[in-house]
Amino acid sequence: MKIWVDADACPAAIKDILYRAANRAQLPLTLIANQMLRVPPSPYIRALQVQCGFDVADQRIVQDAGAGDLVITADIPLAAQVIAKGAQVLDPRGELLDAGNIQERLTMRNFMDDLRSGGVETGGPSAFSAADRQAFANRLDGLLARRAQP
């Protein structure tokens with residue numbers, strides 16, 4: 001298993017959790033962004049800067065992620081693409097996205113996008129909270145524990 005992070009919009013608290021988890025589980029963790037990222041020195045952690053542009057980082061994740069990998073993103077279209085390749089997706093709030101729920105999430109995302117493009121004020125997501133951080137950490141620990149079982 002490799003962990004891929006859509007790092008441009010990933011909260012710093014989530015990155016910190018991922019750094020500790022990658023070192024503890026000795027798993028490769030790659031953060032992909034269109035800006036330079038500083039990551040702690042580790043044989044398991046690397047940052048990859050891609051060119052600026054619409055969805056360039058997303059497309060690199062789609063290109064590199066494979067079956068059995070874990071992708072960290074809140075981007076639903078990106079999630080759908082990597083799930084189709086056999087990867088799992090965990091969003092920064094701790095929700096696991098998979099083949100069983102991604103189509104519903106994609107449909108809702110497209111519906112809300114249509115409303116916004118039609119001028120409807122839909123509001124945004126709530127502020128990232130300590131409860132979100134804890135939910136992410138718990139879900140990640142569960143995924144890594146299942147991976148470690150024979």
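## Basis of the model

Residues are numbered from 1 along each chain as its sequence is written, and side-chain values use heavy atoms, with hydrogens and water left out. Because the model is predicted, local features need pLDDT of at least 70 and side-chain atom pairs count only at pLDDT 80 or more, while totals for chains, interfaces and linings use all residues.

## Overall fold

The chain has 5 helices and 6 strands. These are DSSP runs, numbered from the N terminus: helices are H or I with at least four residues, strands are E with at least two. Along the sequence the order is β-α-β-β-α-β-α-β-β-α-α.

The radius of gyration, taken over C-alpha atoms, is 15 Å. A compact globule of 150 residues would have a value near 15 Å, so the chain agrees with that expectation. The rule behind it is 2.2 Å times the number of residues to the power 0.38. Along its principal axes, the C-alpha trace spans about 50 × 35 × 30 Å.

## Burial, contacts and surface

Of the 150 residues, 39% count as buried. Buried means under 20% relative accessible area, exposed means over 50%, and partly exposed lies in between (1.4 Å probe, protein chains only). Contact means heavy atoms within 4.5 Å. Among contacts with a separation of 6 or more, 48% come from residues 24 or more positions apart.

The accessible surface comes to about 8400 Å², and 52% of it belongs to carbon and sulfur atoms. Areas come from the Shrake-Rupley method with a 1.4 Å probe; for residues, only the protein chains shown count as cover. The chain carries 16 positive and 17 negative charges, and their mean positions are 8 Å apart. Lys and Arg count as positive, Asp and Glu as negative; His and the chain ends are not counted. Each charge is placed at NZ of Lys, CZ of Arg, CG of Asp or CD of Glu.

## Two nonpolar cores

A nonpolar core is a set of buried Ala, Val, Leu, Ile, Met, Phe, Trp, Tyr and Cys residues joined through side-chain atoms within 4.5 Å. The largest has 25 residues. Val5, Leu18, Leu29, Ile72 and Leu140 have the most contacts inside it. At least two residues of this core come from each of β1 (3-6), α1 (12-25), β2 (29-33), β4 (70-72) and α5 (130-148). Helix α1 gives the most, with 6 residues.

Beyond its neighbours within four places in sequence, Leu18 is in contact with Ile3, Val5, Leu29, Ile72, Phe136 and Leu140. A second, separate core has 20 residues, including Trp4, Ala65, Leu78 and Val82.

Ala25 lies in helix α1. At 23% relative accessibility, Ala25 is partly exposed. Not counting residues up to four places away, Ala25 touches Leu144 and Arg147. Ala25 and Arg147 are 122 residues apart along the chain, yet their C-alpha atoms are separated by 9.7 Å.

Gln26 sits in the loop between α1 and β2. Gln26 is exposed, at 52% relative accessibility. Its phi is near 55°, a positive value in a residue other than glycine.

Asp55 is in the loop between β3 (45-49) and α2 (56-64). Asp55 also has a positive phi, about 65°, although it is not a glycine. Its relative accessibility is 29%, so Asp55 counts as partly exposed.

Asp58 is in helix α2. With 7% relative accessibility, Asp58 counts as buried. Leaving aside neighbours within four places, Asp58 is in contact with Asp6, Asp75 and Leu78.
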